[in-house]
Amino acid sequence: MENLSIYIHIPFCDHKCIYCDFYSIITQKNKSAFLDSLKKEIAWYGEKYQGRFSSGTIFFGGGTPSLMSPDEIKFILDQINNFFPIAEDCEITMESNPGTIGEDGVSGYLNGGINRLSVGIQSFNDDELKFLTRIHNSETAQNTVINAHKNGFENISIDLIFNLPGQTKEKWTDNLKTAVNLPVKHISAYSLILERGTILNKMVLDGKVKMQDDDYDAELYEITIDFLKDNGFDQYEVSNFCRPGYECRHNLAYWEYQNYLGLGPSAHSFIDKTRWWNFTSLGYYMEAVKKGGNAVMNSEKISRNEEIEEFVMLGFRSRGLNIEKYTGLVGPAVAEYKLYYLETLELLGYVERKDNFIKFTKSGYAISDEIIASFSKCRSKYFI
């Protein structure tokens, strides 16, 4: 059987933060109906791909998946296992928010199959948490991680956000210091991004909040890379750092252009060079599954050029561009021409070659978007 990465979107949340643009609803009244729909959707895809895939990684995202009980999470995993047998070494991640899991819940999730916990902390500074409208404080955030580890979770990841309005380098460094002193194996550190339709975006447009400039953002990013490297965390993607051997295998499946199946409202899938996405509204999602077994709103077949560009972008943003696979995609002549172009960037210290990969250095990560765009535009006589 082929490995398949499965994402389950849990739409329920107890609060909508000002910066968040992920689909979520602040009610749980349709939870039972949602679980019934999810069961049917899993079965529909299970019959479609009968016997082809096993579950290599499973990721519960949201929303706030930790608002689901351990029994409800186990219900979903059991249904997945019925159609996509869960491998013994399957990485099974659940996102959670500080304060949403008690000690009994931690054991329940662990016993139910979750073996990786991703905690949405965002900051350890109480003023910053208030600005982000998070419902927890720094103490709760730290205790959540400590309790999860004490109760058996070895693989814990946390999310942090930098370049908040008014955030000093000292405040951000304090966040990083707190993070590395906790029993975590993985840190995702993201720059605060304005997303259309969010409360934060409107606050900026109305002049109530002023964002810091790109140069300052780049300085904070370089501080992040240096600090985490000095404290034993490897950078394996633009925004992701881990202790050796603790890369998020589920995310690597996305970045390495592997097959993945998305379940639940707003979830995206990519199998056999075709991408599709579900209805966003929970109501539309459940109605679609009731009628047809799936909730696909639209789909697209990836062209050869799109495949190459996406493979390059995803590779560079993570562990590096796989030279052998890239050559297989574009052919030896084109690969030789394009890789020759990278030699200048290597001399300038923006990329480095390790084994069969070309990857960004710290300086390269800081201007990754520009390098990827420039590489994609580089043309030769071999391009059609």
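Visitor: How many nonpolar, polar and charged residues are in the lining of the second largest pocket?
Guide: The lining of that pocket has 7 nonpolar, 3 polar and 10 charged residues. Nonpolar means Ala, Val, Leu, Ile, Met, Phe, Trp, Tyr, Cys or Pro, charged means Asp, Glu, Lys or Arg, and the others, Gly among them, are polar. This is a predicted model, in which local features need pLDDT of at least 70, side-chain atom pairs count only at pLDDT 80 or more, and totals for chains, interfaces and linings use all residues. Residues are numbered from 1 along each chain as its sequence is written, and side-chain values use heavy atoms, without hydrogens and water.

Visitor: Which residues are closest to the centre of the second largest pocket?
Guide: Asp234, Gln235, Glu352, Lys354 and Lys359 are the closest to its centre, out of 20 lining residues. A pocket is an open set of points on a 1 Å grid over the protein atoms alone, with protein on both sides within 12 Å along at least five of seven lines; a cavity is a set where a 1.4 Å probe fits but cannot get out, and lining residues have an atom within 4 Å of a point.

Visitor: And which elements supply at least two residues of that lining?
Guide: They are helix 8 (214-230), strand 7 (234-237), strand 14, strand 15 and helix 14 (362-366). Helices (H or I, at least four residues) and strands (E, at least two) are DSSP runs, numbered from the N terminus.

Visitor: Which residue is the bridge partner of Leu321?
Guide: Leu321 has Ile358 in strand 15 as its partner.

Visitor: Changing topic, how many residues lie between strand 10 and strand 11?
Guide: There are 2 residues between them in a hairpin, and Asp272 in the turn has a positive phi of about 55 degrees. Strand 10 (residues 268-271) pairs with strand 11 (residues 274-278) in the antiparallel sense over 4 bridges. Within this pair, Arg275 in strand 11 stands opposite Phe270.

Methods:
Pairing = 2+ DSSP bridges.
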